[in-house]
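Here is a briefing for a reader new to this structure. It goes by topic, starting with the terms.

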Amino acid sequence: MAEGCMMALRYGMVFFNLLFWLGGCGILGVGVWLSVTQGNFATLSSSLPSLSAANLLIAVGTIIMVIGCLGCVGAVKESRPLLLTFFILLLLIFLLEILSIMLFFIYQDEIDHYAQRDLKKGLQLFGTEGNVGLTNAWMIVQTDFRCCGVTNHTDWFEVYNATRVPDSCCLEYSDNCGLDNPGTWWTAPCYERVKDWLNENLVALWIFALCTALTQILGLVFSMTMFCQAVKVETFYA
């Protein structure tokens with residue numbers, strides 16, 4: 001009976017980590033595709049230029065693939081070192097996620113202030129050489145969210161040193177429409193618009209976070225159970 005339970009647990013662990021690994025492959029693939037086709041798309045930060053959607057997806061996908069591979073091989077071979085390594089890595093990631101969420105809620109105001117300041121600093125790089133990713137990202141954000149600037153459309157006045165905004169701020173897009181009357185521009189701040197969008201989708205975000213946490217907890221339980229069983233077997237035959 002115990003042997004049958006262990007066999008089921010091992011197959012469950014292999015299946016779980018195979019899905020984990022395939023998910024990592026998918027995320028990595030999307031990241032590489034974004035990197036090749038869109039450059040540094042979604043690089044809005046001037047202080048963290050490497051923090052682009054493509055780079056984040058590549059990093060996350062690679063980490064998931066490595067952890068999934070460790071868990072899968074460890075389950076098939078019932079290798080104690082691999083199972084323990086898988087458990088430790090997954091536990092560290094889980095704890096880091098919890099710590100990040102706690103720090104976010106504790107320092108939410110400070111993070112808001114820093115993010116707005118950094119984004120405003122990034123506006124100065126809009127349209128400059130070597131910053132195509134940042135430029136495209138701002139154009140897409142302002143067009144999709146129907147907003148202009150970080151906290152106000154006047155943020156762009158400091159960039160151009162004139163009463164002017166990018167054409168992506170216009171109610172109806174046309175070449176050089178950013179030079180027209182301010183009444184033809186979006187005036188809503190992009191920072192608040194994005195925050196509102198996140199709040200509207202808060203339930204979906206929490207469901208995703210809970211599903212992720214549950215998956216990680218199952219992985220921790222499976223790996224530690226198999227590790228303990230492997231120790232007992234080795235002790236029994238020693």
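Buried means under 20% relative accessible area, exposed over 50%, and partly exposed in between, with a 1.4 Å probe and protein chains only. Helices (H or I, at least four residues) and strands (E, at least two) are DSSP runs, numbered from the N terminus. This is a predicted model, in which local features need pLDDT of at least 70 and side-chain atom pairs count only at pLDDT 80 or more, while totals for chains, interfaces and linings use all residues. Residues are numbered from 1 along each chain as its sequence is written, and side-chain values use heavy atoms, leaving out hydrogens and water.

**Helix α3**
- Leu83, Phe86, Phe87, Leu90 and Phe94 of α3 are buried.

**Phe227**
- Phe227 is located in helix α8 (residues 202-237).
- Phe227 counts as buried because its relative accessibility is 17%.
- Contact means heavy atoms within 4.5 Å; leaving aside residues up to four places away in sequence, Phe227 touches Arg80, Leu83 and Leu84.
- Between the C-alpha atoms of Phe227 and Ala75, 152 residues apart along the chain, the separation is 9.1 Å.

**Record and model**
- The unreviewed UniProt entry lists residues 12-36, 56-76, 83-107 and 203-222 as "transmembrane region"; such annotations may be inferred rather than shown by experiment.
- In the model, residues 12-36 are 100% helix and 0% strand, with end C-alpha atoms 36 Å apart.
- Residues 203-222 are 100% helix and 0% strand, and their end C-alpha atoms lie 28 Å apart.
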